[in-house]
Amino acid sequence: MRASRGYWEESWRRLLRNRAGVASGALVLLLGAAALAAPVIAGLVLRQDPLSQDLHATFQGPGPSHLLGTDNLGRDVLARLLYGGRVSLGVGFLSVALATTVGGVVGVAAGYYGGTADDVLMRLVDVLLAIPGLYLLILVGAVVTVNAVTLSCLIAFIGWGALARLARAEVLSVRHRDFVLAARSIGASDLRVMLRHIVPNVLHVAIVAASLGVGAVILLEAALDFIGLGVAAPTPTWGNMLSGAQSFFTHSVWLVVLPGSMIFLSVLATNLFGNAVRDAFDPRLR
Amino acid sequence: MLLRYAARRLLAAIPVLLGVTIITFLILRLTSGGFVPGLELNPSLRTEDVDRIRHNLGLDAPLPLQYLTWLAGLLHGDFGRSLTDGQPVLDHILERLPNTVELTLTAVVLAVLIAIPLGVAGALRRGTIVDHLTTALSVAGVAVPAFWLGLLLILVFSVSFHAWGLPWLPSGGAFDPADEGDVGARLLHLVMPATVLAFGYLAVWSRYTRSSMLEVLAQDYVRTALAKGMSGRRMVAVHALRNAVAPLITLIGLELPTLVGGAAVVEIVFGWPGIGQLALERALDHDYTTLMGLATFTGIAVVAGNLVADVLYAVVDPRIRL
């Protein structure tokens, strides 16, 4: 256990020494905090509601009453951007958390038990990886109305396969090590061996994959909102703000630039942070 | 040996293909519940008529039977008929597929032609401005939403250029409505969607080239070549480049079917009449049979692509056949 504690401590130090990593991590936290506090900031500080329309004040530029202007229905753009972050970041983190959990459990079980269970589970992963995820989301989105939570579940459903494969490969490489054999020979149950001895050795794969996955999900979710099959109006999201702005972008460029920049910034920050996490936690990069 | 390996991979692909059809069928039938557009809630139809039409479409049969009927058709190359216009689904797909392939291949070629020199430059000039710029470009390229980049390009090159009286690019579609066969106009339509698509690939592939180039440069045979007095330029051309680029080409080959599916968002932004645009149109029309066909067709393409890549790997690397 001493060696394993050393690994985590060392990894943390490496992460904190990485200046780009710390900066991007801080940016992710800032964006997350702004999204979480959206009702407070919008309601108490800005005194703006993201849904309330003012048809006498449409397409206003940035100004004292509306810091980032208003859209085609006179809604406050800044308040909508803050609320939009809740969906983008929420779906990003929730679906990655779900996909990592499911993929991790399946990968560990398949790798540990081997045999028929392994064959069946890995064929299922092959199937999921073969089906084009975006098409699946397009067709499900067209039939049922999704919200942030159901959308996260859908994205997790099509996304857990890749991690299951990674986790399984990692389990195979530690399954026959002496410490596993020792644990089993003193009578530890399968569950105990997996949780106490296998999982800690697989965890770094899950952490790296998860931190690199959030950005991809944010992009996917925004694309779905944009084509009108994701989280729909009236809930403001960066994706559906962009699709709404499409019709007016010749005279109100800001309505296109702002939501897109927020998506770009969030994905950039989470990806850079993901890279830093990979550099710090992946033992092969030492 | 190779033949036996290929046969084994082919056998292993069969359950995966079956799985693709089962999952697609289940998801579509469970979410749609056998809804037929234009049939339900149609006041001019009597209940008996509705029941008869549903019976003719086979929608009153038990689900497993419906699946088997559909699967039997697939085995004969029959993807079923569209629920909205009654045309064979395969015809719809094959009509649009060439457009998607044209767009994707253009973008792939464009991206490779830029990514390889960028990646090589980054590796050879490691730590310099060139390297940092290449890295920044690839980090930004992965993070920028394709549909947003598309909108911004339209805003600049179609809308603003038009307003300023400059030569402007068409903002959508694949050809000049007045003259469908005009190759020049078709190329102009291709410029922006291919650029957006290529930008995303380019970001990933230049990183990949850079890291595999760095790996190759650290190899003993490179040091030997340099020690024997080979010039750096010649060493890169003869040894390093070839060994660094080979894995990239394999990677692209493996991902090609996925890339074809991934072009959907760009197709939608630019109204490019490919299969991604088809998927959206049909989804909005509730044309489930066409969607089922599309998802299955793309799934088969992915599995087939992986199979070909597996066998090609085995041809190149005999150890894999064991």
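Tutor: Before we start, two residues are in contact if their C-beta atoms, placed from the backbone, lie within 7 Å. This is a predicted model, where local features need pLDDT of at least 70 and side-chain atom pairs count only at pLDDT 80 or more, while totals for chains, interfaces and linings use all residues. Residues are numbered from 1 along each chain as its sequence is written, and chains are lettered from A and ligands numbered from 1 in the order in which they are written.

Student: Okay, which residues does Leu259(B) touch, not counting residues up to four places away in sequence?

Tutor: Start with where Leu259(B) sits: in helix H9 (residues 232-262) of chain B. Helices here are DSSP runs (H or I, at least four residues), numbered from the N terminus. Leaving out residues up to four places away in sequence, Leu259(B) touches Thr104(B) and Val108(B).

Student: Is Leu259(B) buried or exposed, or partly exposed?

Tutor: A residue is buried if 20 or more other C-beta atoms lie within 10 Å of its own, exposed if 12 or fewer, and partly exposed in between. Leu259(B) has 19 other C-beta atoms within 10 Å, so the label is partly exposed.

Student: How do the residues on the side of chain A that touches chain B divide by class?

Tutor: On that side, 36 residues of chain A are in contact with 37 residues of chain B. Helices that each supply at least two of the chain A residues include H5 (115-130) and H11 (254-281). Ala, Val, Leu, Ile, Met, Phe, Trp, Tyr, Cys and Pro count as nonpolar, Asp, Glu, Lys and Arg as charged, and the others, Gly among them, as polar. The chain A side has two charged, five polar and 29 nonpolar.

Student: Last one: how are H11(A) and H5(B) oriented to each other?

Tutor: H5(B) covers residues 129-143, and its axis and that of H11(A) are 8 Å apart at an angle of about 120° (axes are lines fitted to C-alpha atoms, for helices over the stretch in contact, and angles run from 0 to 180 degrees between N-to-C directions). Angles under 35 degrees count as roughly parallel, over 145 as roughly antiparallel, 65 to 115 as roughly perpendicular and the rest as oblique. So H11(A) and H5(B) are oblique.
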